Amino acid sequence: MAPEFAETNRIVMPDEEIDRILREEGVGVLSLADDGVAYGLPLSFGYDAERNRLYFVFLRPGETSRKTAFAARTARASFTVWQFPSRDEWQSVIVDGELHLIEDQEWHHVCDILEDNAKYPSLFSETESMQDLLGWELRIDHRTGIQRHH
């Protein structure tokens with residue numbers, strides 16, 4: 001007999017809990033799409049709760065970068081973050097919104113946010129210059145979170 005899936009244990013997360021997970025995790029999957037073709041990209045990210053933004057940096061994105069091409073052609077992107085301490089206890093957050101290139105004047109702010117909660121912020125200091133980086137922001141206009149506790 002298959003184990004009973006506890007639908008009743010799934011609880012919609014309050015906004016404060018969604019914010020906590022986005023601040024603490026620092027890594028997730030960015031989902032992009034181009035003309036019906038999907039592309040999921042695991043990425044470190046920074047979360048700016050005040051501006052309601054996620055920030056991503058693509059390192060050394062060459063002219064043939066698949067992720068850059070998909071990002072440029074994606075009208076709306078989604079991003080998923082999760083915590084999974086056990087099969088009976090988990091949390092997940094999905095946000096979506098428009099994806100935009102980061103403007104040059106925003107780099108200082110974006111780097112501060114990435115330093116606060118991205119999983120691998122040291123990678124940014126190993127690049128030779130800002131020319132090796134391409135930054136994107138996801139302007140969050142919808143977010144959901146669910147959790148299950150044993």
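Predicted model: local features only at pLDDT ≥ 70, side-chain atom pairs only at ≥ 80, totals over all residues.
Residues are numbered from 1 along each chain as its sequence is written, and side-chain values use heavy atoms, with hydrogens and water left out.

I searched the whole structure for aromatic pairs and got four (rings of Phe, Tyr and Trp, the last by its six-membered ring, with centres within 6.5 Å; planes under 30 degrees apart are stacked, over 60 edge-to-face, the rest tilted). Tyr39 and Phe70 make a tilted pair, 5.0 Å centre to centre with 40 degrees between the planes. Tyr39 is in strand E3 and Phe70 in helix H2, so this pair ties together parts 31 residues apart in sequence (helices are DSSP runs of H or I, at least four residues, and strands of E, at least two, numbered from the N terminus). Phe58 and Trp136 are also tilted, at 6.1 Å and 40 degrees. Phe58 lies in strand E5 and Trp136 in strand E8, so the pair links parts 78 residues apart in sequence. Trp136 is buried at 5% relative accessible area.

I then checked Asp48, in strand E4 (residues 46-48). Asp48 counts as buried at 4% relative accessibility. Asp48 touches Arg53, Tyr55, His109 and Ile113, leaving out residues up to four places away in sequence (contact means heavy atoms within 4.5 Å).

Key: Buried < 20%, exposed > 50% of the residue type's maximum accessible area, 1.4 Å probe, protein only.
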